[in-house]
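Try each task before you read its solution.

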Amino acid sequence: MKVAIISDTHMPRMAKQLPSQLKKGLEQVDLILHAGDWQANSVWETLEQYAPVKGVAGNVDDQEIQEKFGEKKILELNGFKVGLIHGDGKGLTTERRALTAFKKEDVDIIIFGHSHIPVLKEIDGITLFNPGSPTDKRRQPQFSYGMMELGDSFTLKHIFYDDKQ
């Protein structure tokens with residue numbers, strides 16, 4: 001199973017369409033996970049043209065998106081439990097807020113966004129992954145999204161690119 005992981009698309013404010021590098025990656029996936037800050041429901045509609053989409057709402061998403069997706073999910077994918085959350089809030093770092101949100105859950109992976117900072121690390125046996133942003137790199141050197149492959153085990157990696165066109 002191949003899964004694209006994105007967050008913080010902030011469309012149409014930060015881009016009028018999905019970047020070509022992201023579109024290319026979406027052509028071969030079975031599922032798309034979005035960790036919030038879609039900013040418009042049309043992002044979901046566009047992503048659905050590539051593969052089924054599961055996601056959560058972020059702090060800039062309107063009530064329609066919040067009601068459609070909620071703020072937190074646990075998905076079972078190929079036998080792995082994946083926690084999905086945006087990661088916004090007060091106090092702590094974004095990573096710590098994501099970890100805290102699932103501290104009473106038995107998850108293998110936590111996917112989060114909010115900071116626009118790509119992260120791939122393991123803490124206390126849980127893999128933390130932030131895909132960064134495909135459209136709003138902020139202070140990061142490149143735009144990014146993630147790819148996850150699930151079989152008997154899982155692999156996660158970032159896809160980095162320079163141009164959001």
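**Exercise 1: the surroundings of Val-56**

Val-56 touches His-34, Ala-35, Gly-36, Trp-38, Phe-69, Gly-70, Glu-71, Lys-72, Lys-73, Leu-84, Ile-85 and His-86, leaving out residues up to four places away in sequence. Keep in mind that you're looking at a predicted model.

Task: work out where Val-56 sits in the chain, and whether Val-56 is buried or exposed.

Solution. Start with the chain: Val-56 belongs to the loop between strand E3 (53-55) and helix H3 (63-69). Next, pick one partner from the contact list, Gly-36. Gly-36 is 20 residues away from Val-56 along the chain, yet their C-alpha atoms are separated by 5.2 Å. Finally, check the accessible area: buried means under 20%, and Val-56 has a relative accessible area of 0%, so Val-56 counts as buried.

**Exercise 2: a buried charge**

Task: find out which side chain of opposite charge is nearest to Asp-8, and how many Å away that side chain is.

Solution. First locate Asp-8, in the loop between E1 and helix H1 (20-26). Now look for the opposite charge: the nearest such side chain is that of Arg-138, 5.8 Å away.

Then see what else is around. A polar atom of the Asp-8 side chain lies 3.0 Å from the backbone nitrogen of His-114. Beyond its neighbours within four places in sequence, Asp-8 is in contact with several other residues, among them His-34, Asp-37, His-86, His-116 and Thr-135.

**Exercise 3: strand E9 and its partners**

Task: say which strands pair with E9, and why E9 can be called largely enclosed.

Solution. Take one partner at a time. Strand E1 (residues 2-6) runs antiparallel to E9, and four bridges join the two. On that side, Ile-5 has Gly-146 in E9 as its bridge partner. The other partner is strand E10 (residues 154-161), antiparallel to E9 over eight bridges. Here you'll find Ser-144 opposite Phe-160 of E10, and a hairpin of three residues links E9 to E10.

**Exercise 4: the annotated stretch**

Task: which residues does the UniProt domain annotation cover, and how far apart are the end C-alpha atoms of residues 1-151?

Solution. The unreviewed UniProt entry carries the annotation "domain: Calcineurin-like phosphoesterase" for residues 1-151. Over that stretch, the chain is 19% helix and 30% strand, and the end C-alpha atoms lie 7 Å apart.

Terms used
Residues numbered from 1 in each chain as written. Predicted model: local features only at pLDDT ≥ 70, side-chain atom pairs only at ≥ 80, totals over all residues. Heavy atoms only, no water. Buried < 20%, exposed > 50% of the residue type's maximum accessible area, 1.4 Å probe, protein only. Pairing = 2+ DSSP bridges. UniProt positions renumbered as here; feature names shortened; annotations may be inferred. Contact = heavy atoms within 4.5 Å. Lys, Arg positive; Asp, Glu negative; His and termini not counted. Salt bridge = Lys/Arg side-chain N within 4 Å of Asp/Glu carboxyl O. Polar contact = N/O pair within 3.5 Å; in protein donor to acceptor, adjacent residues only side chain to side chain.
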